[in-house]
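Here is a short briefing for a first look at this structure.

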Amino acid sequence: MIPRSKNFRGLLGGWFSVETHIPGYIEACERVPAWLAEGKQEIIDFRDELAVHIRDSSYPALPSMTQWGTDEWLRDLWFDAFGPDTPPGDPYPVPAADWGTTRLTPYMLHAVDEDDEGSSEGAAAWLAQRDLTAQGVYGAFSHEMIRRPEPADYADHLRRATEAGLREDG
Amino acid sequence: MPVPGTFGGVSGSGGVRRAIETLLRAHADVSRSLGGASSAAAVRVTRVAEVAREARHPVTRAVADDVEAAAPAVERAMAELTAETGRVLATEVHALLDLLAVSHHGQESLPPLDLGRLGGPGSLSAEAFPSGFARSYVATVLGDLSRGAATSKAEAAAHPAADQASIDAARERIIAVVAPEHRARVRAWLEHPDCHAVEIHGPQVGDRELELRAGWTRPPDHGTEGADTWQVRKDDHKVVSKHRAGPDASAFTSAEAFARPLEAFLGVAARHPHGVDGFLDECADLGWAAFFIKADQGGLQPGDTTARRGAGTGTPPAATDWIRMRNDAMKKDGECPPPVRTISYDPIAEHPDSGVRLVFRHGDDGWVMVTYYPSDSPAPDNQPLEELT
């Protein structure tokens, strides 16, 4: 799907922009379950479009980043906002065991602490929904963080998606 | 090669980064001390020769000549030692970068180091590293190391609290320089309890406050009413805070610099048929709107802003590595590594895409300005004000 919609840009550059305002990002990730329960169409559309950009590598590569690195950045956002279930159609799903151990997301790095006094108030629920513990994530701050290498067939994946008109070659 | 004082058995990308930085820093230290030792040795040898000559005995004179003849050799030997140290350290750094490239950044294994381009004895040139990822990484770290500074947790804890009167005075100066038709609105925005733009990014915030915010997440308004209760806990020296800070902390250097981009924004927003609120309603998604005002549109010049950023945080993955190192450094004494390093810079002077990020949210009492700060670039999909005019 190209280009990205106004709704998608507004939410990615707004509520879900951890680069812009960290407390807003934390609050948005914590509010997603309630927004979905209320049937907020903007969030449903955002979720569906995010999954498509991950599937097709169709979000333009960020400055000084590869397309693969950009896709991985969106997978972290998916986990933070929509939880542990792999986005539909993701050709390179993240192994479930990576989250919170070798793979730390912006929400984990900014909202989780081993003590309640340093954690976001919604962190306990956020962690429980993802089957993680504060102690586990906090411990991971001192341990391995491994970026997945670009898969061997990734160039083919990009070529196919470009030829099918699902993405623009950057 | 063991790297003392880095990470207790940790080998993640943060650990690799820390090892690379430690090695590059060690190289600078070794060069300095070996360079000093080399010239000191030559001076001492010459001095021995002079003392021997003063004895005026034929045998000691011959010894003196021998000793003096040895002086250049000593100097040469020391220089070789320095060059050898450079080679050893460069090789280690290259091996670590290779590890980082392959296992953390998903890249091909690096081409070999070019030892011929290491530079003279005692120097370590980024040119010796393969072009691309490795060279730019080394150049970034070497460049940052020469300027970067680390402040201890104890120094951060001992820093004095902010002064409410100076925050209030800064806010009044800003409001006073805003065009009269916008003053009431700017006052309402800046005085709202959910807005910390002046408290965190106002002209009363100094370089030290920015350094402590980037390095330790200590809020610049620390100690005032309504500020986060950031603290270094007394019993175990863990940093406890709910203040959330990225790898960058920035501020405007004057009331005028603070006011100009905000006026540029208001100039555009007020032209909406339903006024500023109508403009925000139209631009918002789920009651939230984030804008980017480019430096020229906001009337910002070099010198109008100042900032601190984490050393070596040029890309989002590098920034994430750095945040994790900072989280690790904030842990209890005994389980935390050394503090992260930060660099002072002017976002407007150093970056062509720089400007100001501005965020609003819709609350029970209407639109609230959540934050407003100088930045070296727009965040992905911030709304560019120039496209809304």
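Lys238(B) and Asp113(A) form a salt bridge, with 2.9 Å between the closest N and O atoms. The pair crosses between chains. Both residues are buried. The model is a predicted one.

**Salt bridges between the chains**

- Lys238(B) lies in a loop of chain B, between strand 1 (231-232) and strand 2 (239-240).
- Its partner Asp113(A) sits in the loop between helix 5 (106-111) and helix 6 (123-129) of chain A.
- A salt bridge also joins Arg233(B) to Glu117(A), at 3.2 Å from N to O.
- This pair crosses between chains too: Arg233(B) is in the loop between strand 1 and strand 2 of chain B, and Glu117(A) is in the loop between helix 5 and helix 6 of chain A.
- Arg233(B) has a relative accessible area of 15%, so this residue is buried.
- Glu117(A) has 40% relative accessibility and therefore counts as partly exposed.

**The network and the total**

- Which residues are linked in a network of salt bridges? From chain A come Asp113(A), Asp115(A) and Glu117(A); from chain B come Arg233(B), Asp235(B), Asp236(B) and Lys238(B).
- Over all chains, the count comes to 31 salt bridges.

**A salt bridge within a helix**

- Arg159(A) and Glu163(A) meet through their side chains in a salt bridge, 3.6 Å from N to O.
- Both belong to helix 8 (residues 154-163) of chain A. They are four residues apart, so about one helical turn separates them.
- Is Glu163(A) buried or exposed? Glu163(A) counts as exposed, because its relative accessibility is 61%.
- Arg159(A) stands at 41% relative accessibility, so this residue counts as partly exposed.

**The open sheet in chain B**

- Three strands of chain B make an open sheet in the order 3-5-6, with antiparallel pairing.
- Why is one side of strand 3 (248-252) and of strand 6 (342-345) left without a neighbour in the sheet? Each stands at an edge and has a single partner strand.
- From one strand to the next, the twist averages 15°.
- Strand 5 (residues 305-310) pairs with strand 6 of chain B over four bridges, in the antiparallel sense.
- Ala307(B) has Tyr345(B), in strand 6 of chain B, as its bridge partner.

Conventions:
Residues numbered from 1 in each chain as written. Chains lettered and ligands numbered in written order. Predicted model: local features only at pLDDT ≥ 70, side-chain atom pairs only at ≥ 80, totals over all residues. Heavy atoms only, no water. Salt bridge = Lys/Arg side-chain N within 4 Å of Asp/Glu carboxyl O. Helix = DSSP H or I, 4+ residues; strand = E, 2+ residues; numbered from the N terminus. Buried < 20%, exposed > 50% of the residue type's maximum accessible area, 1.4 Å probe, protein only. Pairing = 2+ DSSP bridges. Axes fitted to C-alpha atoms, helices over the stretch in contact; angles between N-to-C directions.
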